[in-house]
Amino acid sequence: MLGEKKLESPPKFKPPRSLSFQQWFQYFANVASLAPKPSKPGEFPQGVKVLGGTYVLDGRTIVFAHEDEVPGATPEIAQIVNACCS
């Protein structure tokens, strides 16, 4: 299933570095309120397991496909441009 691929290395995300205490509190409050809620403890809603992707089509042919290993792990723009313009 899409989204179940194991990561070979951690994504290159950079955490925020200059948040005040109040901004951190708001950040975590937002994360908690926006996170999907399981119907039963220990289960995950289906949408949590399905992540995004980037695709380039040429008519009915897929010329580029990238499945996001984690949310936000998108391909480099150059890869997409090369796929559609070469």
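In what order do the elements of the chain run from the N terminus on? I read them off as α-α-β-β-α. The model is predicted, so I note its limits: local features need pLDDT of at least 70, side-chain atom pairs count only at pLDDT 80 or more, and totals for chains, interfaces and linings use all residues. Residues are numbered from 1 along each chain as its sequence is written, and side-chain values use heavy atoms, with hydrogens and water left out.

Elements. I looked up the counts and found three helices and two strands in the chain. Both are DSSP runs numbered from the N terminus: helices are H or I with at least four residues, strands E with at least two.

Burial and surface. I noted that 12% of the chain's 86 residues count as buried. Buried is under 20% relative accessible area, exposed is over 50%, and partly exposed lies in between (1.4 Å probe, protein chains only).

Contacts. I took the contacts (heavy atoms within 4.5 Å). Of those between residues at least 6 apart in sequence, 37% join residues at least 24 apart.

Cysteines. I searched for disulfides (a pair of cysteine sulfur atoms within 2.5 Å) and the structure holds zero. Cys-84 is in none, and its nearest cysteine sulfur, that of Cys-85, is 3.3 Å away. I logged Cys-84 as partly exposed at 46% relative accessibility. Cys-85 is likewise in no disulfide, and I logged Cys-85 as exposed, with a relative accessible area of 59%.
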